[in-house]
Amino acid sequence: MKTILIVDDDADFAEAVASYLRANGFQVLEARDGAEGLRTARMTHPDLVIMDVVMSERTEGFFTVQEMRRTASLKDVPIFVVSSLYSQHPEFSIAPESGWLAHDAFFSKPVDMVLFLEQIRQRLGIEEVAG
Amino acid sequence: MAKDDPTPNETIVVIDDDYAMRLSCRKILEKSGFQVETFEDGVQGLEGVARLKPGLVVVDLKMPGMSGLEVIARVHSIDPNIILVVITGYATIDTAVEAMKSGAYDFLPKPFAPDELRLIVNRGLERRRLVLEGHRFEVERALLKRRFVTFVSHQLQTPLVAVHQYLDVLKRLGDHPDVTVKREEWINRCLHRIEAMQVMVKEWLELSAVESEALTRSRDEVNLRAVIDDIFSAYQPQAETEQVALESDLPEGTCAVAGDRHCVAVLFDNLVANAIKYNRAGGKVTVAAEVRNGEVTVSVADTGIGIPEKYIPFLFDEFFRVKDEAARKTSGSGLGLAICRRIVAEMGGSIVVESKVNAGSVFRVSLPAWRQKESNAA
């Protein structure tokens, strides 16, 4: 069973997404902030991380992504960034080539769970089980 | 800084073709603590201005080569906030008017006494300070406003996203056994998030209403006893549930402030609500007042969790919420104290807080006392 770590300070959002993923055969872990997320990731080595980028300390999510990339054992774990920030806010736009979010997908909140699941399966190389 | 003090280290440039005039200006101004650089013509003077970025330039209107008027225009194209003082031997109304039209701050006819120059220079620099402060204030206001919009959208967006995600998952998973056990809990959580959002919108509107000034401009007689009694009876049921006693200790006789009744009610409503919310079972809320020197100081004291010192400077900021464990259990929009601060400021009063962790907090509000003569007509 593949393990997914959700790092999000909103317990309700995390609960909804986690439930959907569990119902679709994943093991899901939750962390409420970047530090806890990093700790959990180091200990459990998840197959994929879902990370909210605007948590209570504005840039915390971004730093957590960077920190994970610097950690040898985690640097290849795919990170899906989720955020409710509008893309039209120029101060928050991130150039994909900046390296911050290399190889990772960016989803805006709320996420379309069907599409989201599809992307996760694709990234993890899981064939969708019919039915 | 006191008004009449020269700004320390402020640089002043003097441009005059007359050697004696340059020397005496330098002497006078250096004695007042300014850095002074002098130049004998417009071209050199402008180079000096561009290099030294002075706060003020003293320029002779009548010089060979580049005229004083031209110097004025060029100085302002370097920095429009540089104050220009014109000195001239041909002190006619016409030349004065012309100099002022070109952007000079003031002018000084020759000969002048040292104190005349000092006075004009100090006044000019004071004006510059005010103008620069005004600019800073505008920039700060624009930043605050943008921050406010960002915060509001974030604060509204977060609960909306949570509710949306629950509903999306409920819909997608349909009758999946994982969902059926959780359906009721999730619906309750959605309702809770929506209710919190409604409170926030209500408070946000209240804040804008207070900001709109019209509300806070009225200066009616507002009887504090009546306001506090109303608030206490409204919160009595909640206080009982939380086992918090409500006590008031207002002075004998009338105790009234000058302001808008609704605003005063909102102010103390917020403070009393907080005092109950951040209290402990068996604790109490005490509202006391004292009238002194035309001011009424009302204190709202609780016996609750207190506020860690590091948070106090941010307590009255919009959307600020204490992040400690003890405070996390309570819900709030983070707008209540911002509203209080705004109301108090608009009424010309002050609000301060003293707090001790695990002992409680006291919010002290000082407001202008109501005087018989005051009325709306005034």
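Predicted model: local features only at pLDDT ≥ 70, side-chain atom pairs only at ≥ 80, totals over all residues.
I started with Pro110(A), which sits in the loop between strand E5 (106-108) and helix H4 (113-124) of chain A. Helices here are DSSP runs of H or I with at least four residues, strands are E runs of at least two, and both are numbered from the N terminus. The peptide bond from Lys109(A) to Pro110(A) is cis, with omega near -10°.

Residues are numbered from 1 along each chain as its sequence is written, chains are lettered from A and ligands numbered from 1 in the order in which they are written, and side-chain values use heavy atoms, with hydrogens and water left out.

Next I looked at chain B. Lys110(B) and Pro111(B) are joined by a cis peptide bond, omega about -10°. I found Pro111(B) in the loop between strand E5 (106-109) and helix H5 (114-173) of chain B.

Then I checked phi. Gln243(B) isn't a glycine, yet its phi is positive, about 55°. Gln243(B) lies in the loop between helix H8 (224-241) and strand E7 (245-249) of chain B. With 52% relative accessibility, Gln243(B) counts as exposed (buried is under 20% relative accessible area, exposed over 50%, partly exposed in between, with a 1.4 Å probe and protein chains only).

Asn358(B) is no glycine either, and has a positive phi of about 65°. I located Asn358(B) in the loop between strand E11 (350-356) and strand E12 (360-368) of chain B. Asn358(B) counts as exposed too, at 66% relative accessibility.
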